[in-house]
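Subject: A structure for you to explore

Hi there,

Here is the structure I promised to pass on.

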Amino acid sequence: MKKRNGSIDFWKFVFSLVIAGFHSIYFARGEKFFFYDGANMVEFFFLVSGFLMAASVMKQDSQGAAAWKSTWRFLFHKIKGMCPEYYVAWAVAFVIKNAAGGFLPLALICKHGILSIWELFFLRMAGFNDWNANGATWYISAMLWVMLLLLPFFFKNKDFFLHITAPVLAIGILGYLYASTRVLRGNTDWTGICFKGLLRAAGVLCTGCVCYLACQKLKELTLTAFSKILLSIVEIGGYLFALFWTFGHDSSRMEFVILVLFAVSVTISFSHQGILAPVFDNRAAYWLGSFSFPLFLAHHAWSGRMNKLFPQDSYEQLFVKYALLSFATAVLVSVLSGAVRRIYGKHREQLRGLFVQTEKSA
């Protein structure tokens, strides 16, 4: 528990709720919907992922190890940490999208199963974006592919990457997006080279690395109580402004301002220097942070099925049912994942023996 950051965990949960609320756009029928610009919250998660990537790389003693080997070791560890939740949520979402409101024809279900193979191997943002069971998985795909591109350079020269490469890439990529599209959204817009979501992930992950560097400097300071109060005001204020902006505001250049506010707030949260930092260090916040991942994965399939399930309901009525279904599905994903983890732990050697022949003892 001491390795967790309660403030980050708490806001993970809050912003997962906002993202789920934003996806109610799919059943709004043109009505004004909750969390109008909630897609902005994804930047918080990319920043946190970039920060943790930098923290992990800087802790590792990779001297003598090939950069490619350290890269794949990092990515396999990252993927392992998302399992089995990722695949359990995929299976649940596949059933929901093909069965909720009436079963689709068997031939179409089989076609969907074949086309979604790219999603199972995190390939959506690499260009293989076809039918997908879980729309929320674009974020994970983009994160992993950008990490695969960045990590070899990071492991090769840690200080140079952290002080030069990351800030240059962050400014260059985000500057390009600002000048060309004015918004960060549009994950599956094709740029001619890659999906826009891949550029979005690269720019914000690199910004997260810069946040790590700033955080280390902040941790070195011995602050007064007054400074700690100011830091908490700035930290919470940045998060609250982002929440405020999601109501009644469409995508705009303000997305980049919110990204900067998030970067400042995330840096302060990880530094643990704010006066309110100890308030979040409790089991409730840690649990919310853990539950945010199943919630993030579990809601999306329902958003596109609500009108089919309840065609006569108003948006407000649909939103309540959508929230309940999403929460229940997140609990289901969490429980099933825990069961899979326990079964695998108990029968790991037997399962391994089905595929790998072990040497017989003499």
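The largest pocket holds about 1,700 Å³ of space. It is a predicted model, in which local features need pLDDT of at least 70 and side-chain atom pairs count only at pLDDT 80 or more, while totals for chains, interfaces and linings use all residues. Residues are numbered from 1 along each chain as its sequence is written, and side-chain values use heavy atoms, with hydrogens and water left out.

How is a pocket found? Rolling a probe the size of a water molecule over the atoms shows where empty space is left. Here a pocket is an open set of points on a 1 Å grid over the protein atoms alone, where a 1.4 Å probe fits, with protein on both sides within 12 Å along at least five of seven lines; lining residues have an atom within 4 Å of a point. Grid points are joined across faces, edges and corners, and the volume is the space filled by probe spheres set on them.

In the largest pocket, 44 residues form the lining, and Arg-4, Lys-12, Val-48, Leu-52 and Lys-78 lie nearest its centre. Helices H1 (6–22), H2 (42–59) and H3 (67–81) are among the elements that give two or more residues to this lining. H2 provides the largest share, 9 residues. A helix here is a DSSP run of H or I with at least four residues, numbered from the N terminus. By class, the lining has 20 nonpolar, 13 polar and 11 charged residues. Nonpolar means Ala, Val, Leu, Ile, Met, Phe, Trp, Tyr, Cys and Pro, charged means Asp, Glu, Lys and Arg, and polar covers the others, Gly among them.

The second largest pocket has about 390 Å³ of space. Its lining counts 21 residues, with Phe-22, His-23, Tyr-26, Trp-138 and Asn-187 nearest the centre.

Next, look at helix H11 (residues 254–271). Its 18 residues should span 26 Å at 1.5 Å a residue, and the end C-alpha atoms are 26 Å apart, which agrees; the expected span is 1.5 Å times one less than the number of residues. Of these 18 residues, 13 are buried (under 20% relative accessible area; exposed is over 50%, partly exposed in between, with a 1.4 Å probe and protein chains only).

Just after H11, His-272 has a positive phi of about 60°. His-272 counts as partly exposed because its relative accessibility is 34%.

Finally, the peptide bond from Cys-83 to Pro-84 is cis, with omega near 5°.

Happy exploring!
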